[in-house]
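Here is a short walk through a protein and its ligand. Take a look at the model before reading on.

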Amino acid sequence: MNFNGHTLADSLSGELIGNQVYFLNEVDSTNVYATALAQKGVPEGAVIVADCQTKGKGRLKNRAWQSPQQKNLYTSIVLRPTVEPSVAPQLTLAAGVAVAEHLSTYCLEAVTLKWPNDVHIRGKKVCGILTEMRTTGGKIDFVIMGIGLNINMRKKDFHEEIRESATSLREETGNDIPRVDFAVSLYQSLGKWYERYKREGFTSIKSAWLEYSGIKDRNIRVNCKEEVQEGKVLGIDDYGALLLFDNRRKTRRILAGDVSLVGNK
Ligand code: BTN
């Protein structure tokens, strides 16, 4: 099946995520495009997909998301949740769970979540999630959930500086993956977890996230700018912060940083 807007829209008809599909052969960033559409009032569940991006945005400032054509999935989803803006990071964690669950159907027991927004296969990054939000009068107007997923890229295609730390589904399974089927099932998984989140709240997402991360009770190091913190992970709180029991026996909330495991349990 061709990777285009018609095939995606046909396969997603009747679903919440994908009730409208905007397919672009090329765009600067699907998150930027989705923001403009959301400001014009497109409904919750509208999906923007691009075959390539010229300015794919990464989470860290000045970090671009490599987005070559005909290889991967670059998508942004418009959501309009009725939760407080302060708990919006829960949505990034929910998206991570949905992506991890879907990828696990290709690579059983090899998929992990890395706080706050990365999905790994066998320790290498396969997916990044960039959630952006607009508020009006203290309420969420919309959330843009941007997902970049390396599907059919080969190792040689990655920029040299990330070649050893990044991977694709093609590299991990040895097979080329049809992008339409992959994307449709991913949107269904995202829809399932988002509906659950709206119905039941964050509890089941939190436990699924901790399960996929394997990080609870592990000793970690967090690098954030000049600061390095170490301690044992107690869990995550309702604001998406990592809870760390540090060497001075104090519980710290970690809001940003690069996490690595230290030693054993
Ligand atoms: C990260 O740094 O890990 C987050 C990367 C997010 C990349 C995706 S690709 C689709 C969407 N559009 C963007 O410009 N960025 C996100």
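This is a predicted model: local features need pLDDT of at least 70, side-chain atom pairs count only at pLDDT 80 or more; totals for chains, interfaces and linings use all residues.

A side-chain N or O atom of Lys125 sits 2.6 Å from an oxygen atom of the ligand. Lys57 uses its backbone instead: a polar atom there is 2.7 Å from a ligand oxygen. Gln53 faces a nitrogen atom of the ligand, with an N or O atom of its side chain 3.0 Å away. How much of the ligand does the protein bury? On its own the ligand exposes 420 Å², and the protein buries 98% of that.

The largest nonpolar core holds 63 residues. Within it, Leu73, Leu149 and Tyr187 touch the most other members. Helix H5 (residues 179-200) is the top contributor to this core, with 10 residues. Domain 1 (5-213) and domain 2 (219-261) each supply at least three residues to it.

Leaving aside residues up to four places away in sequence, Leu73 touches Phe3, Val49, Ile147, Gly148, Leu149, Ile151, Phe182, Ala183, Leu186 and Tyr187. Another core lies apart from the largest one. This other core has 12 residues, including Leu24, Ala38, Ile48 and Ala50.

Note on methods
Residues are numbered from 1 along each chain as its sequence is written. Side-chain values use heavy atoms; hydrogens and water are left out. A nonpolar core is a set of buried Ala, Val, Leu, Ile, Met, Phe, Trp, Tyr and Cys residues joined through side-chain atoms within 4.5 Å. Buried means under 20% relative accessible area, exposed over 50%, partly exposed in between (1.4 Å probe, protein chains only). Helices (H or I, at least four residues) and strands (E, at least two) are DSSP runs, numbered from the N terminus. Domain bounds come from an automatic or database domain assignment. Contact means heavy atoms within 4.5 Å. A polar contact is a pair of N or O atoms within 3.5 Å; within protein, one must be able to donate a hydrogen and the other to accept it, and residues adjacent in sequence count only if both atoms are side-chain atoms. Accessible areas come from the Shrake-Rupley method with a 1.4 Å probe; for residues, only the protein chains shown count as cover.
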